[in-house]
Structures are given as C-alpha cells and as structure tokens.
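Hi everyone, thanks for making the time. Have the sequence and the model up on your screens, and let's walk through them together.

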Amino acid sequence: MPTPSLDSLPIRRLTLRDLTACADLSEDRGWPREEHKWGLLLAAGTGYGVDDPDGGLVAACVVTEYGPGDRPALAAIGMVLVAERHARRGVGRRLMRHVVAAMGTTPLTLHATPFGRPLYEQLGFKVIGRSEMLRGRFVPSGGLSEAGTRAATAEDLPAIVRFDEDVFGADRTHVVTRLPAFADQLRVAEEDGRITGYAAAWPNMDTHVVGPLIARDTGTARALLASLAARTDRPLRTDIDVRHEELLSWLKAHGLAPVARNAVMTYGITELPGDWSRRFAPVTVAAT
C-alpha cells in the first residue's frame with residue numbers, strides 16, 4: 001500500500017484518550033512529556049491532531065476557549081507540535097490554518113517561541129507583548145512577608161472565579177474550577193474578608209509551575225509567590241509578563257533565573273482583554 005501524503009491525512013479532534021500520544025509527540029520534539037499539563041488542556045480545551053498511519057501523531061495542538069460557549073471572547077492556542085520525522089513539510093501550517101478557520105471570528109492568542117513565530121506571522125498573528133520564563137530554587141530573605149495569604153477552600157471558588165473574570169476579561173470558570181484538583185497548592189490573598197489575589201503551583205516534571213498568578217498589585221503577587229515557595233521543596237518555574245519589571249527583578253534577586261522569552265501574539269484583536277496590571281502569570285503559556 002502506498003504511504004498517504006501528509007496533505008491527505010485528516011485533522012480530527014483529540015480527547016483524553018490521546019494523552020499518551022500527545023506526550024509521546026512532546027518527547028519526540030525534545031520537550032518534556034508533561035502528561036499532567038496535557039491532561040488539563042485536553043479536558044478544558046479542544047485538541048486537534050493528525051494521525052500517523054505508522055502510529056502516533058503527526059501533529060497536534062490545543063485550543064482553550066474563554067467566555068460564553070456560543071460566542072467566546074478569546075481562544076488560546078498552545079502545544080503546537082509536529083513530529084520530527086514530518087517537520088518542515090507544511091503540516092504545522094495546515095493544522096494552524098484549520099484551527100484559525102474553525103474558530104471563525106473568535107479572537108485568538110498564543111505564546112510563540114522564536115522558532116514558531118515566523119509561521120504565526122505568516123498566518124496573520126501580530127506580536128503585542130512578551131513573557132519571560134524563569135526557573136530556580138526560591139531563596140527566601142529576611143522580612144519576606146506572606147501576610148494576608150492562606151490556602152484556598154472550596155468556599156472560596158465562587159469569589160476566585162469572579163475575581164479572575166474581572167482581571168482576565170473573560171469567564172475562565174472551566175479552567176479555574178479545575179485548579180483544586182490540578183494544582184498541589186491553591187492560595188488566596190485577602191484583606192477585610194475580600195480576595196485580592198490568588199495563585200496556584202502545579203507539578204510539572206521536577207518543578208512546580210506558578211500559574212495563574214492574579215493579584216491587585218506587585219506586593220500581593222510577591223506575598224503569594226513567597227507563600228507558595230515556602231511550601232515546596234521543588235524548583236519553581238513561572239512565566240511573567242515583562243511589563244511587570246518590579247516582580248521580575250524581585251524573583252531574580254530570590255534565586256530564579258531567566259530561561260527564555262516568548263512573544264505574546266494575537267489574531268483578530270490588538271490587545272488582550274482584561275487588566276494586564278493585575279495579571280502576572282498565566283496558568284500555562286499553552287492556555288493563557
């Protein structure tokens with residue numbers, strides 16, 4: 001039987017049954033397997049993939065929509081991967097064009113590596129900002145305050161969802177309500193009984209990823225980070241909007257080192273909704 005051409009292979013929806021194949025694809029490209037993260041993305045978002053006739057996946061990506069189901073306010077594209085054996089043959093471009101067409105008029109966003117950015121620019125995405133990935137063991141210092149922070153409870157979830165929507169600019173209930181099961185820690189900051197910020201730390205290989213990190217100001221973000229760091233023996237990893245220069249400097253002074261910078265890109269809008277000044281780090285750059 002002749003081998004089908006890549007152009008003739010159908011693009012299909014992925015489900016949680018494809019989790020291992022997605023992790024295999026990550027590993028094939030030299031990325032960590034990140035099965036825990038793939039599980040969240042495939043549960044909260046919509047996966048798209050191309051099956052390899054010889055087994056596994058040729059390519060995959062995940063789209064996470066935010067806002068009303070009938071008219072999403074925003075969709076984030078992430079985990080765009082093509083198997084090494086099929087790289088540079090146009091399958092990534094075909095998959096992305098399919099996703100853009102499937103999303104219709106919904107505004108899109110993604111975080112692009114320097115390697116992926118040219119493809120997204122060819123498809124009409126524009127750079128609107130940048131995020132910096134940091135990693136390392138957090139080194140506490142004298143006078144470091146966790147004041148006003150505590151572990152979140154089930155009763156906090158409605159208030160967290162409301163606070164998150166106010167800051168993010170779109171409803172993320174389907175992601176935020178998964179955090180208690182997904183993350184090892186979920187903490188809130190509060191003042192006079194009102195939530196002023198929240199943050200999660202979730203396991204990813206040998207690190208704890210801090211995200212989301214939503215807070216009314218930099219001081220509150222620092223307190224949440226310090227409280228998360230105090231309760232893990234793993235290195236931390238996080239992706240901070242580069243406009244938060246004060247928080248980036250503080251993290252670097254406390255042991256985290258820059259690893260990479262990604263371009264934040266959009267399609268169909270010139271700015272992300274919500275209030276960037278209170279949005280410090282995404283759940284993951286794959287889902288915003």
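I'll go from the overall build to one strand, then the cores, then the cysteines.

A word on ground rules: this is a predicted model, where local features need pLDDT of at least 70, side-chain atom pairs count only at pLDDT 80 or more, and totals for chains, interfaces and linings use all residues. Residues are numbered from 1 along each chain as its sequence is written, and side-chain values use heavy atoms, with hydrogens and water left out.

So, the overall build. The protein has nine helices and 13 strands; these are DSSP runs numbered from the N terminus, helices being H or I with at least four residues and strands E with at least two. Buried residues account for 53% of the 288. Here buried means under 20% relative accessible area, exposed over 50%, and partly exposed in between, with a 1.4 Å probe and protein chains only.

Now please find strand 11, residues 236–241. Six of its six residues are buried, so the strand is largely enclosed by the rest of the structure. Leu236, Thr238 and Ile240 point one way, while Arg237, Asp239 and Asp241 point the other. What are its neighbours? Strand 6 (residues 126–136) runs antiparallel to it, joined by six bridges, and strand 10 (residues 207–215) runs parallel to it, joined by two bridges. Strands count as paired if DSSP finds at least two bridges between them. Leu236 has Gly136 as a bridge partner, and His208 also stands opposite Leu236. From strand 10 the chain passes through helix 8 (residues 218–229) to strand 11, a right-handed β-α-β crossover; that is, with the strands pointing away from you, the path over the helix runs clockwise.

On to the cores. A nonpolar core is a set of buried Ala, Val, Leu, Ile, Met, Phe, Trp, Tyr and Cys residues joined through side-chain atoms within 4.5 Å. The largest has 40 residues, and Leu179 and Trp38 are among those touching the most other members. Leaving aside residues up to four places away in sequence, Leu179 touches Leu186, Tyr198, Ala200 and Pro212, a contact being heavy atoms within 4.5 Å. Apart from that core lies another, of 27 residues, including Ile77 and Met103.

Cys22 is buried at 0% relative accessibility, and Cys61 is buried with a relative accessible area of 0%.
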